[in-house]
Amino acid sequence: MTVRPIQYETVDGLKVVMSVRTWKRPDDELMESMAKLYGSEDYADMTIKYGKGKQRSAHRAIMCSRSEFFKCALKGGFKEASTGEIDLSADDAEAVDHMLYYIYHNKYPDPKRCTSNRESKHRESQMSCGDYWLLEGPREPHNMSPSFMAAAAEYNRRRELASQHEHSAESGLNDEKPSASRRVRFSENEGRDVKGEEHPETGAESSAQSEGVTHVHVYAIAEKYGLEGLKTLARQRFKDDLPILMKSSKFPEICHAVFETTIQTDRGLRDLVVQAFRAQLELHKDKKIRRMLNKTPDLALELYDMLCPFVPLHGSGHRS
Amino acid sequence: MIAGRGKQRIRPPRRGLASSAVDFDSIWSLLETAFRQIHTSNASQLLYEELYRHAYQVVLKKKGEELYSSVSRFEHEWLSEDVRSEIYAHYSPQMLPHTQALTTSTATERRMAGEKFLKGLKEAWSHHQVCMSMIADVCIYMDRTYCNDNRLPSIYTTAMNLFRDDILQSPITTNDNRPVLHLLNQVILDQIQMERDGDVIDKHLIKSCVYMLESLSESGDESKADRLYNVSFEVDYLETSRAFYSREADAVLRDTDAGTYCKHAGRRIYEEEDRCRSTLAESTMPKIQQVVEDELVRNKIVEVVDMDSGVWFMLDNDRFEELSLLYNLNARVDDRKSVVTRAVQQRIVALGDDINKAALAASQSAPAAPGDAAEKSKPSAQTNQQTAAAIKWVEDVLALKDKFDMVWKESFQQDNMMQTAMTRSFADFINSTNFPRTSEYISLFIDENMKKGIKGKTEAEIDTVLDKAIILLRYVQDKDLFERYYKKHLCRRLLMNKSISNEVEKQMISKMKIELGNNFTTKLEAMFKDMTISEELTASFKKHVEGLGDKDPRRIELGINVLTSMTWPLETMGSMDEGEGKQSAVFPVAVDRIKQGFEKFYNLKHSGRQLKWLANMGSADIKAVFPKVAQKDGSFKERRHELNVSTYAMIILILFNDVPTDQHLTFEEIHARTNIPKADLIRNLQSLAVAPKTRILIKEPMTKDVKPTDKFFFNEGFNGKFVKIKVGVVSSGNKVESDRERRETEKKNDNSRAFCVEAAIVRIMKQRKELAHSQLVMETLSQVAAQFKPEVSMIKKRIDSLIEREYLERIEGAKVDSYRYLA
């Protein structure tokens, strides 16, 4: 349990001093210590090379238990086992970054922020403690005075605004958490999805557009290395951003990537794309889309199948 | 501008991740080289990531099927070319047994050759497993997607099955048609046979080969039923084992005795269990056990049990350990252990019959030799002999019981069923129809102990004696017969004060009460009660007489026992039943007076009761004065003796008070004046005039027999060593009955049984109103079972008699014979 005094000044110039007690959840403790290991040299016994000359230390115990790929590579017989080096430079560097972050945090970071954070390691480690307790929020809001509630809400709002410009604030997000933390999340989602006072529409859209391909790459790499959870997260992000992506000029590129990087039976992203086409029949007229379809026969075929839903092909996977 | 960017991005972004065309052949040749390196243990420089990426891409580009079949084909070729020749290198014809005529190879050479072959095969297999697990690792993505989606076995499983097809089930060489699997089985079986013969073999090596056979299945699916181990090896194994043990059982039986055979069989069974654990598979254990048990035990147990050195021999020679082994073997194949049980039962009955015969022989040897005359004159010797036979019988039976209890505890693990069977066998010979004296003997045994046996014993010792009697009593079926005998013997003991301790008597009764129930002992207890009441009665009569005032110095003291006629077995006491119509004996005046006095006194107390005097059971103390007559030893003085005689003897002696010294009385005269029944008179005269130590009368002529014409004189010259002399009455003790007596006893017993059965029938019918014949018989049997076991014919007779007397009627037209109760 931690007790921390908070000094805070309201808009009316009222000074509030309060102390917040928080009880740490065991799950959080685990997540925190995992996060501390992320990128750390401590106990590290392997290296992952990726991108253009990047490399990151990692831990066999963690990597191998999360992904069968790493287990097979390191369990003996092959060269990787003796050198402790795995070269992933053939994969998209950004996607590898996301994957490693996920393995240690069980989270899918906001792609853009993560990119900006990549260089400053110390800030990441600060983040895990710095913002953590706050987003945890008071556990039992009904035990607290209304004035405290008001103050806390105000405080949260400000922190949130500040954090958007600084660094990832979402590290503490968790669906089960009541009160403040959830509120923070809702406001953020609303902002990104549609209007949102805090988020200028243009900013949100541009970031979402650039992230679209990343989601696809992360999804692919998760599939390649057998990380089902990461697939779920990537797909959710992709789905959330899809309305914006569809309007974006990069949509053809994204569609192409989806169908190039997934196998036919993996319906996670493919179905979303096909549904998008169904919902947005005007896409049919788009020249860039047509050009893309030309190069992406799988998608073309599936769209065609969509037109004839009542003529069943053999089996559900309808392979050739 | 935006379009331009898009176009640019659509281009394969990096390293062909999105390139739609994949050159399968070039990638496959790359993979194939790598796989070959893996198989030749040369993989340390291979980069897993690279291989994985290639395999992943191939599958991603819908070439999963090609990859799958290429890997399979590659493995097939590898196995059938490289590996098979390697296996052949380890093959040598020496390793097989019975290879035609050239059995020049010694066992050791054969074992070495076999081990070499097994080792080669085992190494090929484990190497194949290691390599395939690496190759399968490379192809995980294919397994996860292509194989999974098409429900194909994983590449690893496929490769394992290829090993089965291309190695195990292929001929060893092109010339030799025998498949490797067949050779493998032969070699393993041969090695096991060597171990059975006492060699040491490499169990670990065989176990590895068994693991291999266990992990492969005939059809390729995962079911356990058709694993190669089960369908191929195990079948052969069980078959050869069966043949081996069948041969061995015969050989061992021929050469050794039953005990050794049991030890051997036990060891073999244990060995096979151990072999399953250490060398083969545990799942074989029940099957091979079945085989060994079949061949060594089930098929041979009867023979072993009945051998000269079988169960009888073991029982007679206290071979507890061997018996225990035999019992365990039998228990393996038969929960009821019926073969051993049967042999034990037969032995018990045989030994029991021996005891019975010995007892009968002992009891009959005496009367058989001398004629009628001798029988009467030497009754006491006979009595002793018969009693001794009875006691010996009881002790022998108890010894037998102790022995078998011991066997049961030591060898049969206190098996319940065995105990029941043994109890049944004991009951069988104890209740054998050839030996009808059980009840009598047991009662005699108790009688003997009550009179003499328990003298000077501690309470605990007495207790064990009594318990022994109870143990035997449990076996006795006809409890009512026992009761009859016991009553008779008890009656004598009580009236003649023969019993050493009343306490012990009561203890016995209470033990019987626990064992046989209240019903059984009520009459016995009533007898004790009569005795106590009589004591009080005697005391109060004495007081009463004293109260009368006239002090008569010659007063006779009367001790009396009033016996309830229904409780006491008076008819067994001798003459009363015969002399129903006769007058009772004439008492001397003095005695008669006091007798009448008591009758008056008793009638005052209990009016309406009839007293019947049983003089034949009484005794009297009389003071006798023998005058100064010259003795044989020359002394010349008056002698006084206190004589304890029977009531009849007292009457006789008092008769002589009035007879002058030189006068005599004939037998006829005595009989006429006393009215004592003749049989009793003869007995009493015998004891007074014939028995050498108590010859108070002189008989003429001096023979042992008493004839009606004999004359009797008072023996003035009688000289006893002691002041007090007890004149025993001949044959008044408890003894074994003669055959005639027993027939009577049984007849009486049957009569009382008839009442019991009738009572039971009426009770049952009263409750049921209507009942089928067979059911009625059954219920009647169970009702009276505690007392005795009636013949069914007897029950039928009773039913008929009840119908005659209109207690029951037959139900007309009923399907089965049925009766109705008539209220």
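Predicted model: local features only at pLDDT ≥ 70, side-chain atom pairs only at ≥ 80, totals over all residues.
Local features need pLDDT of at least 70 and side-chain atom pairs count only at pLDDT 80 or more, whereas totals for chains, interfaces and linings use all residues; side-chain values use heavy atoms, without hydrogens and water. Residues are numbered from 1 along each chain as its sequence is written, and chains are lettered from A in the order in which they are written.

**Make-up of the chain A side**

- The elements of chain A that give two or more residues to the side touching chain B are α3 (68-74), α4 (79-83), β5 (85-87), α11 (201-224), α13 (251-261) and α15 (287-295). Helices (H or I, at least four residues) and strands (E, at least two) are DSSP runs, numbered from the N terminus.
- The residues on this side divide into 17 charged, twelve nonpolar and nine polar. Here Asp, Glu, Lys and Arg count as charged, Ala, Val, Leu, Ile, Met, Phe, Trp, Tyr, Cys and Pro as nonpolar, and the others, Gly among them, as polar.

**Extent and salt bridges**

- Chain A and chain B each bring 38 residues to the contact, which means heavy atoms within 4.5 Å.
- About 3400 Å² is buried between the two chains, 58% of it on carbon and sulfur atoms. Buried area is the accessible area (1.4 Å probe) that two parts lose on being put together, summed over both.
- A:F78, A:K224 and A:E260 supply 20% of the area that chain A buries against chain B, more than any other three residues.
- Three salt bridges are counted between the chains, each a side-chain nitrogen of Lys or Arg within 4 Å of a carboxyl oxygen of Asp or Glu.
- A:K75 forms a salt bridge with B:D137, with 2.8 Å between the closest N and O atoms.

**The sheet of chain A**

- Three strands of chain A make an open sheet in the order β4-β3-β5, with mixed pairing. Two strands pair if DSSP finds at least two bridges between them.
- Strands β4 (54-58) and β5 are the edge strands, each pairing on one side only.
- Strand β3 (residues 46-50) runs parallel to β5(A) over three bridges, while five bridges join β3(A) to β4(A) in the antiparallel sense.
- A:I48 has A:I86 as its bridge partner in β5(A) and A:R56 as its bridge partner in β4(A).
- The hairpin of β3(A) and β4(A) has three residues between the strands, and A:G51 takes a positive phi near 55° there.

**The sheet of chain B**

- Chain B has an open sheet of three strands in the order β7-β9-β8, with antiparallel pairing.
- Strand β7 (residues 770-772) pairs with β9 (residues 818-821) over three bridges, and B:L771 has B:Y819 as its bridge partner in β9(B).
- Three bridges also join β8 (residues 808-810) to β9(B); B:L808 stands opposite B:Y821 and B:E809 opposite B:R820.
- Helix α30 (residues 773-784) packs on the sheet, touching β7 and β9 of chain B, and its direction makes about 95° with that of β7(B). Axes are lines fitted to C-alpha atoms, for helices over the stretch in contact, and angles run from 0 to 180 degrees between N-to-C directions.
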